[in-house]
Structure formats: C-alpha cells, structure tokens
Amino acid sequence: MRVILLFLTIFSLLESCKDKPAIVKQLAGSDSLVITFNLPGTDSVINTVSTTETNAIQKLAGFMAGKEQAKQSCGYDGNMIFFKGGQQVLPVVFKFNGDCQFFMYELGQKLIYTGVSKEGAAFLESLKEGKNWY
C-alpha cells in the first residue's frame, strides 16, 4: 500500500511540473524580489519595492508567463530582479502603462517578450503606489 501511495505522489508531482510554463519553472524557489519603478520616459527611480512574500513572487512569475509577442521598443517603466538564496535568478524589464506593455527577460539564451495582462498591470500599479497587499 505504501509503495502505491509513494508512486502516486511522485507521479502527481511530475505531472504538475509538466504543465507549468518555462518562466514559472525558472523562478520556482525564488525567495525574494526587488522591483524598481521609474519616472515615465526616464531612468530616474521613483519607487522601489522589495518582498519575500511567496504569494507576490509567484503571482508576478505567473503574469510573466503571458503570450509571447514581438520585440518592443517603447521604453520601460521599471525592472524586477528575482533572487534565490541571495543569488540573482532573473532580471526582468517591464512596461505596463500605455498601449505598449510587456515583460522582457532572457530564458535559455533567448530574449523573450510577453504581454502584460490587465490584472498584471493593476498589480504592478498597486505596488508602484506603495500598496503591499498581494
């Protein structure tokens, strides 16, 4: 009976990993995140948010798993850096205001651009405004 239970547990774990997008797998285990928001059209930082809240980190990783899109060249609103055990896992550049919205990151030596959902843009806006509910 224990062997069957162990087999089913391992099987379900393997199955759950298969369905996750590559970016979510890449960021699995990230334990902290720093987000820098810039003044529109500049490199001037207007707000920096850092968190160790697993819920917030996973939520942002999920938002980055959006539909891939063509390269964007409309500036950016800020960047995020995901960490695991004090080591940088992945830097991400993003733009969530206006008509041009994207996340940009490198995955497998390929530069990836994905869209920003309405929920993702609202979440980033709330963090930019200093709200820390996740």
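**Close-up views of a predicted model**

Of the 134 residues in this protein, 33% count as buried. The model is predicted.

**View 1. The whole chain and its elements.** The protein has four helices and six strands. Starting at the N terminus, the order of elements is α-α-β-β-α-β-β-β-β-α.

**View 2. Surface and contacts of the protein.** The accessible surface comes to about 8300 Å². Carbon and sulfur atoms account for 56% of that surface. For contacts, take the pairs of residues at least 6 apart in sequence. Of these contacts, 55% join residues at least 24 apart.

**View 3. Strand β1 beside strand β3.** Strand β1 covers residues 32–38, and strand β3 covers residues 78–84. The two strands pair in the antiparallel sense. Six bridges link β1 and β3.

**View 4. Strand β3 beside strand β4.** Strand β4 spans residues 87–95. Strands β3 and β4 run antiparallel, joined by seven bridges. Strand β3 also pairs with β1, over six bridges.

**View 5. The hairpin of β3 and β4.** Two residues lie between the strands of this hairpin. G85 takes a positive phi near 60° here. K84 has its bridge partner in β4, namely Q87.

How values were computed: Residues are numbered from 1 along each chain as its sequence is written. This is a predicted model: local features need pLDDT of at least 70, side-chain atom pairs count only at pLDDT 80 or more; totals for chains, interfaces and linings use all residues. Side-chain values use heavy atoms; hydrogens and water are left out. Two strands pair if DSSP finds at least two bridges between them. Buried means under 20% relative accessible area, exposed over 50%, partly exposed in between (1.4 Å probe, protein chains only). Contact means heavy atoms within 4.5 Å. Accessible areas come from the Shrake-Rupley method with a 1.4 Å probe; for residues, only the protein chains shown count as cover.
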